Amino acid sequence: MNLWILDKEAISPLVGALMADYQVVGPQAKGPEFVFGPIADPAKLRLDYNTTILPPKKVLQPPQERLATFTMQVGAHVEPVIEAGPTVLLGVHTCDLHAIQLLDHAFSQEYPDAHYLERRRQTVIVGLECLEPCDEHSFCKSMGTLTADAGYDLHLTDLGPAYAVDVATEAGEQLLSRYGTAREAADADVRRLNEVLSAKWPHFTYRLDFDAAELPALLSAAYDHPLWDELGERCLACGSCTNVCPTCYCFNVFDEVNMALTEGERRRRWDSCQLDEFARVAGGESFREARSARQRHRFMRKGRYIYEKFGELGCVGCGRCIRTCVANISIVDGFNAIHETAVGGNGQ
Amino acid sequence: MTTSTSTRLSTSIYTPEIARLVNVEQMTELEKLFTIELPDGRNLGHEPGQFVMLSVLGVGEAPISITSSPSRSNGAFKLCVRRVGDVTNALHTMQPGDQVGIRGPFGHGFPIEKMRGKDMLFAPGGLGLVPLRSLINQVLDERGFFGRVIILYGAKRPAELLFRDELDEWVTRDDVECHFTVDCDADMWDGDQAMTCNEGVITTLFPLITVDPRNTVAITCGPPIMYRFVLMELLGKGIPETQIYLSLERRMKCGVGKCGHCQINGLYCCQDGPVFTYAQIKGVEEAL
């Protein structure tokens, strides 16, 4: 086991040292909440954050980015643009670590997406073990994301005065040895780590009434469930749920041109299946006209379609969509309702 | 602090290649036929039924099915495009010599190897002839490898029938069985005398033909409303679901299974399609 101990006082100097060579992105306060953002002052890093408004996907798939620049005159020319730079992404909770692994699959399968993958290649990820539930909406324990054994270069666990640092990759090892002042863990540290890790589990509650592995099958049988109409009545189609989702990666692509109409940029930005025009074709037909159909699509993607495509569930239980929904739509309540109908239908 | 820098790499799946319009032909009031050449006269290398992402730089990008068959490439390919959105309206203002961006070809086309030896029943409606034409001409260029070739084509009115020269040619061939129909104004028909035009929706053509269902492959494409009725006719003739092919249309922003726009329940129209068998999409609620 490659385990090191980093005193909490050593975090600020470590971040300061990293800032010389990397963009360091980590959780920091924004009003009463927290956001991932570039760290300008190591003292502003808040590894004690509960959750963030947006997930760290915004570092790997920015809300908006350039894909290419082009000229529009005769002899037109297109130049790809990959916006990436050396980055350390600090303090990623385990639900978000799972989500990033899903994004890795999505952007590398069949046609690799150089824009995402180059940023991913240049990003060193430092995970952070959750010891307490971040708030009342998270359901990571149900989704199997309360811990992570991959998806990070370094992983921190709070031992009180110090962090235990699990070194998972060569990039992580180099980062720690070059910039940090950690010592190798002693037997007592390992014992302490094991205590902390086993003590955390009772603090978290399951919030799904069933095993999440049943989700794909439950949803396959729930296409005509009355839940969708009920959600369609309440949903305002604002797209907040997909914006804050760590595994939503759908995007729109559009061109912007200069005033002289001589050159421009091709850009992409986050898009949402909850918006009216998302599935509309040129002739005017929309294949998910009703909000109920769009909510159903979101639930199906999270609990079934992504599983069918990548072999893992599309929901990591972070609870952000529940937290952000102005209509109080809860994916936990929705999944539970579908399960309830299924077991009720079996006469239980 | 190191800020994010823009690294310029040469390979991105989203970078279109600059291609040149070599010919533009007005087909109907709304449709034009564009002949496009890639740099150095390189072949597109597509299968019938595939599509490209076409860019008008500064306006945007849209998925367009390829209407020319690989057998007639000659270093250029053809797109028949209706002006209906931003990109296609901009394309319609362009002239030979103008430049467009091309990515692709993408998607699963028609599996022509599986179709050899079979009777071919094409049933396009309106603009649905465009993707099917890539297969029709491929089949006609390899005519000896196929059984009967039947084309049932419907449009709203005579002036909206596409590829009139080819329709005339197909009608005069004795190895192609053609039946055309228009929803209305059949008396406005001014085509070849050899070719008569029925009045009524496309399903009115099916009673005119008999098929050997087990040896028949049916291919259809058209406006969403059409599929249900055409499928009933095809199934009614006993053609197996695995031998009925459809080419579907969806909004697409990437063409490569990422942007999410073209998703049909769990399927991606861009990667799993745009050509599907009816058996593939029969239980897929959002497909039709």
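## Contacts and composition of chain B

Of the contacts in chain B with a separation of 6 or more, 70% are between residues 24 or more positions apart; two residues are in contact if their C-beta atoms, placed from the backbone, lie within 7 Å. The structure is a predicted model, in which local features need pLDDT of at least 70, side-chain atom pairs count only at pLDDT 80 or more, and totals for chains, interfaces and linings use all residues. Residues are numbered from 1 along each chain as its sequence is written, while chains are lettered from A and ligands numbered from 1 in the order in which they are written.

Chain B contains 7 helices and 16 strands. These elements are DSSP runs numbered from the N terminus, helices being H or I over at least four residues and strands being E over at least two. The radius of gyration of chain B is 19 Å, close to the 19 Å that the globule rule gives for 288 residues, so chain B is as compact as a globular protein of that length. This radius is taken over C-alpha atoms, and the globule rule is 2.2 Å times the number of residues to the power 0.38. Along the principal axes, the C-alpha atoms of chain B fill a box of roughly 75 × 40 × 35 Å. Of the 288 residues in chain B, 50% are buried. A residue counts as buried if 20 or more other C-beta atoms lie within 10 Å of its own, as exposed if 12 or fewer do, and as partly exposed in between, with C-beta atoms placed from the backbone.

## Domains of chain B

Chain B is divided into domain 1, residues 17-106, and domain 2, residues 112-247; such bounds come from an automatic or database domain assignment. The C-alpha centres of these two domains of chain B lie 24 Å apart. Across the boundary, 16 residues of domain 1 of chain B are in contact with 14 residues of domain 2 of chain B.

## Confidence

The model scores ipTM 0.91 and pTM 0.94. For chain B the mean pLDDT is 92, and 94% of its residues reach 70 or more; pLDDT is the predictor's confidence in each residue, from 0 to 100. Over residues 1-9 of chain B, pLDDT stays under 50, and the model has 28 contacts beyond four places in sequence for this stretch. Where pLDDT is low, the predicted coordinates should not be read in detail.

## Overall form of chain A

Chain A has 13 helices and 13 strands. Its radius of gyration is 22 Å, which agrees with the value near 20 Å that a compact globule of 348 residues would have. The C-alpha trace of chain A spans about 70 × 65 × 40 Å along its principal axes. Buried residues account for 46% of the 348 residues in chain A. Among contacts in chain A with a separation of 6 or more, 72% are between residues 24 or more positions apart.

## The open sheet of chain A

In chain A, an open sheet of 8 strands with mixed pairing has the order S3-S2-S7-S8-S9-S10-S1-S11; two strands pair if DSSP finds at least two bridges between them. Strands S3 (33-38) and S11 (183-184) of chain A stand at the edges with a single partner strand each, so one side of each is left without a neighbour in the sheet. Strand S2 (residues 23-30) of chain A runs antiparallel to S3(A), and 6 bridges join the two. Within this pair, Gly26(A) has Gly37(A) in S3(A) as its bridge partner.

Helix H3 (residues 94-108) of chain A lies across strands S7 (87-93) and S8 (123-128) of chain A, at about 125 degrees to S7(A). Helix H6 (residues 170-179) of chain A lies across S1 (3-7), S8, S9 (154-158) and S10 (162-167) of chain A, at about 140 degrees to S10(A). Axes are lines fitted to C-alpha atoms, for helices over the stretch in contact, and angles run from 0 to 180 degrees between N-to-C directions.

## Backbone exceptions

Most residues other than glycine have a negative phi, and most peptide bonds are trans. A cis peptide bond joins Gly104(B) and Pro105(B), with omega about 10 degrees; Pro105(B) lies in strand S7 (residues 99-106) of chain B. The bond from Gly273(B) to Pro274(B) is also cis, with omega near 5 degrees, and Pro274(B) is placed in the loop between helix H6 (269-272) and strand S16 (275-277) of chain B.

Glu110(A), a residue other than glycine, has a positive phi near 55 degrees. Glu110(A) lies in the loop between H3 and helix H4 (114-121) of chain A and is exposed, with 9 other C-beta atoms within 10 Å. Phe163(B) has a positive phi near 50 degrees and lies in the loop between strand S9 (149-155) and helix H4 (164-172) of chain B. With 21 C-beta neighbours inside 10 Å, Phe163(B) counts as buried.
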